[in-house]
Every structure is written in structure tokens, then in C-alpha cells.
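Please open the structure in your viewer and keep the selection tool at hand. The tour goes from one selection to the next, and each stop says what to look for.

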Amino acid sequence: MVEILITPQEQAPELLGHIAGYVSHRTVGMGLRTGMIAALADAQEGLAVDELADDLGLDPYHVDVWCRAALGAGLCQRRGQRYVLAPHISTLLLDEQSPAYLGGVFLVFEQDEMFDRFERVLGTGERLWWDDTRPEWIAGVAGTGTPFYHRLIPEGLAQVPGLAARLTGGARIIDTACGAGAGLVRLAECYPDTEIIGVDGDAYSLTLAEKRIAEAGLGDRVRLHHSPLEELELDQPATLIVNNISMHECRDLDAATRRVEAALEPGGWFVISDFPYPETDEGLAGVPGRIMTGIQFFEAQIDDQLLPRAAYDDLLDRHGFVDLGATELTPVHALTWGQRP
Ligand SMILES: C[S@@+](CC[C@H](N)C(=O)[O-])C[C@H]1O[C@@H](n2cnc3c(N)ncnc32)[C@H](O)[C@@H]1O
């Protein structure tokens, strides 16, 4: 029998911290959806409760409740009767172009596909795939994937020896599992001498990518290809193949990696940008680890799990890639790369 050394009162604060975190999470999500955080971001001098309520056509009594919760969550500070956003909150929660953007994660974690559907199918384990998810989910995931692309391109790729120089002289880049196309536009804009190909297995995501490419006026340099990665076949070899937060989703990682290798020119690079799932119990208990255990609720429903970063070393090694390397861009974002011999 395990000897219990602490009292319930000593054990309780950790659980209470979870309740407090839930309150703060809901406060952020509500503030983003209703526009309260955006309104505060627009008001340099801050807003009094009545002004915030009036600007958005909301009830002042309820807005007052939200403001106090936002203060408690560290989103806001008081300036006299006014509330102002705390430093960097507008960048972190509203600026989708910032590599530090986090707002999308709050919104995606509150969607049905994340926890609610998981709980509904806990008994049956019924799976789904991307084409069973709602447009709001796909849009939400694109919002969380965008800062990963913004860290990867160009700063992350610049850490891969020899790659940046090679991309300046004309090259073909494939984004495998391009989703709604944020990475395709970023690649095309950062590497003007390149031709870009986006591949994805989900037809709806590709319609979003097509629209995004057209809006960016990049239709002449970016094309799309609808295919599972396990069956990828392209007519001309690529200099660089990237995969952003999707490699762990492959139904058959080895088949997909064989196709990637075959699609690369000799010396071409494969760069996997993904969540580094913790390998230890201590890692699972840390803040990045706990966020990743949350993502696993969705991944399980599409029949996969996030992988430890070292799994990609093994994968690339097994398929004969050389000059392997890796780097951590944030505690929830790591790159692993290798070159086709
Ligand atoms: C998490 S989303 C990421 C999309 C995009 N890379 C981003 O960061 O926004 C995963 C994407 O991978 C695609 N996908 C997953 N497994 C795939 C496979 N085996 N073949 C092709 N596409 C796949 C899905 O359709 C979805 O668009």
C-alpha cells in the first residue's frame, strides 16, 4: 500500500490551479470571440467598463465580470477606472502574423473536435478524418499552424546548414500536408526564386489554400496537388520538402517517407516541423507537455498521436537520409532534418 504523506489540504492547490486555469482559458476565449480583447488593444489609453460595453453593444454588468476575470488572468491591468491590455497581450493573442501568436490555440482548444467529441466517443473509439471535421475546425487549426510556419520560414530553415543559400538560386519546394495554405504563401514570399507545390489529402483544405494563393497573387508560382503523402508522386524533383505539424498524422510513416525521399533531388532536404512530444513523465507534467497531452485528444480521434522528436531521427536514419540535424524553436516546436544522399 502507498503511504500517504500529505493531507488533502496540501494536495488541493494543484487541483485548484486547474480550476483557475480553466477560468482564465474561458476568459481568453470569450474575450477573443466577442472582440473585447481587440477593442482593448485598439484603445491606447484603455477603456472603462461602460466604454468597452458601449463600443461592442454588450451589457456593462457582464462586461464588468469579464474585466475582473481578465485582470485576474493577467490579460489586463488597471489604469484608474480604465482597463488596459498587459504588455504583449495584443501580439500574443491577436497578431496572427507574429511567430509568438497564441490566440489560435485558445480558440481551437474550445472547439467540439478537441475534447467534447473525444468524450462522446470514448466508449466506441469511433475515428474521424479531416473531411469529417467542420470548416470552423479547419480554420482554427490553420490559425494554430500559422505561427509554426512563421517560426519555420525563414528563421528555422536558416538553421539547416547550406539550405538558405541553395534556396536563393531557384528551387522547387513542396509543403507536404499544406492544409489551408498559410505556409505556401509564406514560402513563396520569403523565397522569391522558387516554385512551390502544396500537397494535402483533404480536398476542402486545398480549396482554402487555392483561395489564399489567389488572394496573395501567387497563382503563377504556387500549385496544389491532392494526394495522401503515402501515394505522393510528382513529375519534377524538389530541393526542399517541408512538413508542418502533420508528419505524425501519416497513416504509414515509412510509406510517406519513401515518397518524400523519391520526390527529392539528390542532396535535397526534408525538414519536419512538429510538436516534440515529451518522452518522460516529468516532461508530460510541465506546461508544454500538458498542452501536448491536450492535443493528443484530437490526434487520437484521427487515429494517431504526437511523437517524440527523436522518432524522426530514427525515421530519417532508417530511410538513408544523411547529415541529420535538429533544433528546438520553442518548447512546443522542434525541427528535424536530413538530406537525401
Ligand atoms: C494539423 S493540419 C496542418 C496543416 C498545415 N500544415 C498547417 O500547419 O496549417 C494537418 C494536415 O495534414 C493533412 N494530412 C494528414 N495526414 C495526411 C496524409 N497522410 N496525407 C496527406 N495529407 C495529410 C490533413 O489533411 C491536414 O490538412
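Which residues in α1 meet W66, A69 and A70 in α4? Before selecting them, please note that this is a predicted model, in which local features need pLDDT of at least 70 and side-chain atom pairs count only at pLDDT 80 or more, while totals for chains, interfaces and linings use all residues. Residues are numbered from 1 along each chain as its sequence is written.

**First stop: α1 and α4**

Select residues 8-34 for helix α1 and residues 60-72 for helix α4; helices here are DSSP runs of H or I with at least four residues, strands are runs of E with at least two, and both are numbered from the N terminus. The residues of α1 that meet W66, A69 and A70 of α4 are V23, T27, M30 and G31, where contact means that the C-beta atoms, placed from the backbone, lie within 7 Å. The residues of this contact divide into five nonpolar, two polar and no charged, with Ala, Val, Leu, Ile, Met, Phe, Trp, Tyr, Cys and Pro counted as nonpolar, Asp, Glu, Lys and Arg as charged, and the others, Gly among them, as polar.

Two packed helices are described by the angle between their axes and the distance between the axes. The axes of α1 and α4 come within 9 Å and cross at roughly 125°, the axes being lines fitted to C-alpha atoms over the stretch in contact, with angles running from 0 to 180 degrees between N-to-C directions. That makes α1 oblique to α4, since angles under 35 degrees count as roughly parallel, over 145 as roughly antiparallel, 65 to 115 as roughly perpendicular and the rest as oblique.

**Second stop: α3 against α4**

The contact is made by V49, D50, L52 and A53 of α3 together with P60, V63, D64 and C67 of α4. Its residues divide into six nonpolar, no polar and two charged.

Now select the ligand and the 23 residues around it, of which G145, A177, G179, G201 and D202 come nearest; a residue is near a molecule if its C-beta atom, placed from the backbone, lies within 6 Å of it. The shell has eleven nonpolar, seven polar and five charged residues. Helices α8 (135-158) and α10 (182-190) each supply at least two residues of this shell, and α8 gives the most, with four.

Is α10 largely enclosed or open? Seven of its nine residues are buried, so α10 is largely enclosed by the rest of the structure; buried means 20 or more other C-beta atoms within 10 Å of a residue's own, exposed means 12 or fewer, and partly exposed lies in between, with C-beta atoms placed from the backbone. Among the elements that the buried residues of α10 pack against are α8, β4 (171-176) and β5 (194-200).

**Last stop: backbone details**

Most residues other than glycine have a negative phi, and most peptide bonds are trans. In helix α8, select P154, which is joined to I153 by a cis peptide bond with omega of about 0°. Then select I245, in the loop between β7 (238-244) and α12 (253-263), where phi is near 45°, a positive value. I245 counts as buried because it has 23 C-beta neighbours inside 10 Å. Finally select D303, in the loop between α14 (287-301) and α15 (310-318), whose phi is near 75°, also positive. With 12 C-beta neighbours inside 10 Å, D303 counts as exposed.

Note on methods. Two residues are in contact if their C-beta atoms, placed from the backbone, lie within 7 Å.
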